[in-house]
Amino acid sequence: MLKLLIKITAITILFVGCNAVLATVDSELFAKQTNVENFTTGESPYENIVIQFIQGLDPLIDANKWDREQFNQVYARKISVAPELVVFGTSHASLLQQQNFRNLKIFNHFVAGSDLGTIENIYAIYHNGNKIPQKILLGIDFWYLQEQRTTKPYLFAHGMKQLTLLENVIVLHKMGRSMAKGNFELFQRSFQNVVKLQFPQLFRKPDYPEMAPVMIRLHETLNHDGSAVVKPFTRTQPLDATRFKESLLLTTRLLDRPMSLRQVERFEKLVDQMMADGASVAFILTPLHPIAFNVFANDPIRKVIYSYYVEFAKIHNIPMVGSYDPSECSFKDLDFIDDNHLSADGVDKLINASTCKSDDWDKFLNP
């Protein structure tokens, strides 16, 4: 009995600790916001990169210091005329590209993990420069309307209610290792922040070495229409069920906060401004993988947020395509690369779908 109690205690400590680290990492990724004034005046290290990009050249960039939001802001300021169609969104909108829209000239301003502040900053440059895009396609995500995360780490021990305690611990441990491997410095800083809060007397400021530059050509990461460059994706077998549970952690963390009235007001103010400026606005929702949706089909937060978007679009006559429910768009496992991202073929299928779109969607694309 004593051994069992010790094991449960150890698992709980590991579970809470891993959650703390992941919460901190998530906070740093989601809470980052940029002031427009930083890039609307003065020089930016992205000035020359953007100028070369607009001229059709292929500048070198440091992949370790690449900031897509800064690039987007400078681009919006430097172009003389706004594109016909501008895309705003997160990684869920990253693969939307010129070929999906046939006759429209687009630029995709996606920023992975972005929030409303990111879109507000970039759109403000178009607005202030009197370069209003004719059409705006807004990728809408759960967290736009949810309470914002803080930059301070916090602890929570509820985990994924869909999994057992042991499964939660295993998933969190693997995700922690994955994050550490993919971005060790960020992971290390996050862990130190937790230690600093819990044990300030033991904390010593570490000396972090500068990450060595990794110089690549811009075309290796960015297409000329602003969309992300991806390697050809082919998968003939369904996603492994066990590994799928690991990736579900990320989706779960999209639904761990309630809606915020302040965020709803920000969203409505932003869309109202776009429409008042004369832009035609449309919404796009990329669905969840069938397994992921089944897990969250009855989640009250998902239902409320989805219903809000649908109702808002209806009241304001905003065309809308997509659904968080993949069955409404006839999507199968092979249309996805993970639990919540469509493949490039899946994105094209969504844009040109005969289902899961409002009646005025075709009018938005072909007035």
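Modeller: A crossing counts as right-handed if the near helix is turned clockwise from the far one by less than a right angle, and as left-handed if it is turned anticlockwise. The structure discussed here is a predicted model.

Colleague: In which hand does α9 pass α11?

Modeller: The axes of α9 and helix α11 (residues 300-315) cross at roughly 30° and come within 13 Å. Angles under 35 degrees count as roughly parallel, so α9 is roughly parallel to α11. The crossing of α9 past α11 is right-handed.

Colleague: Which residues in α11 meet α9?

Modeller: The α9 side of the contact consists of Val264, Phe267, Glu268, Val271 and Asp272. By class, the contact of α9 with α11 has six nonpolar and two charged residues, and no polar ones. On the α11 side, the residues are Tyr308, Tyr309 and Phe312.

Colleague: How does α5 lie relative to α9, roughly parallel or roughly antiparallel?

Modeller: Helix α5 (residues 116-128) packs with helix α9 (residues 261-276) at an angle of about 25°, and their axes are 11 Å apart. The cut-off for roughly parallel is an angle under 35 degrees. Therefore α5 lies relative to α9 as roughly parallel.

Colleague: In which hand does α5 pass α9?

Modeller: On the α5 side, the contact is made by Leu116, Gly117, Ile119, Glu120, Tyr123 and His127. On the α9 side, it is made by Gln263, Arg266, Phe267, Leu270, Gln273 and Met274. The crossing of α5 past α9 is left-handed.

Colleague: How many polar residues are there in the contact of α5 with α9?

Modeller: Gly counts as polar in this scheme, and Gly117 of α5 takes part in the contact. The contact of α5 with α9 has six nonpolar and two charged residues, and its number of polar residues is four.

Colleague: What is the relation of α3 to α4, oblique or roughly parallel?

Modeller: Helix α3 (residues 47-54) and helix α4 (residues 68-78) have their axes 9 Å apart and pack at an angle of about 60°. Roughly parallel needs an angle under 35 degrees and roughly perpendicular one from 65 to 115. The relation of α3 to α4 is therefore oblique.

Colleague: How many charged residues are in the contact of α3 with α4?

Modeller: Helix α3 passes α4 in a right-handed crossing. The contact involves Glu47, Ile49, Val50, Ile51, Phe53 and Ile54 of α3, together with Phe71, Val74, Tyr75, Arg77 and Lys78 of α4. Eight of these residues are nonpolar and none is polar, and the number of charged ones is three.

Colleague: Is Asn108 buried or exposed?

Modeller: Asn108 is found in strand β3 (residues 106-108). Not counting residues up to four places away in sequence, Asn108 touches Arg68, Val87, Ala93, Ser94, Leu96, Asp225, Gly226 and Ser227. Its relative accessibility is 0%, so Asn108 counts as buried.

Colleague: What distance separates the C-alpha atoms of Ile351 and Phe101?

Modeller: Ile351 is found in helix α12 (residues 344-351), and it counts as buried because its relative accessibility is 1%. Leaving aside neighbours within four places in sequence, Ile351 is in contact with Leu96, Asn100, Phe101, Leu137, Ile284, Trp361 and Leu365. Ile351 and Phe101 are 250 residues apart along the chain, and their C-alpha atoms are separated by 7.8 Å.

Colleague: What is the phi of Asn317?

Modeller: Asn317 lies in the loop between α11 and β7 (320-322). Asn317 is exposed because its relative accessible area is 62%, and the cut-off is over 50%. Although Asn317 is not a glycine, its phi is positive, at about 55°.

Colleague: What is the relative accessible area of Ser330?

Modeller: Ser330 has its place in the loop between β7 and α12. Ser330 has a positive phi of about 60°, although it is not a glycine. Ser330 is partly exposed, with a relative accessible area of 41%.

Colleague: Among contacts in the protein between residues at least 6 apart in sequence, what percentage join residues at least 24 apart?

Modeller: The protein has 13 helices and seven strands. Of its 367 residues, 48% are buried. Among contacts between residues at least 6 apart in sequence, the share joining residues at least 24 apart is 80%.

Colleague: What percentage of the accessible surface of the protein belongs to carbon and sulfur atoms?

Modeller: The accessible surface of the protein comes to about 18800 Å². The part of that surface belonging to carbon and sulfur atoms is 56%.

Methods
Residues numbered from 1 in each chain as written. Predicted model: local features only at pLDDT ≥ 70, side-chain atom pairs only at ≥ 80, totals over all residues. Heavy atoms only, no water. Axes fitted to C-alpha atoms, helices over the stretch in contact; angles between N-to-C directions. Helix = DSSP H or I, 4+ residues; strand = E, 2+ residues; numbered from the N terminus. Parallel < 35°, antiparallel > 145°, perpendicular 65-115°, else oblique. Contact = heavy atoms within 4.5 Å. Buried < 20%, exposed > 50% of the residue type's maximum accessible area, 1.4 Å probe, protein only. Areas by Shrake-Rupley, 256 points an atom, 1.4 Å probe, with all protein chains shown as cover.
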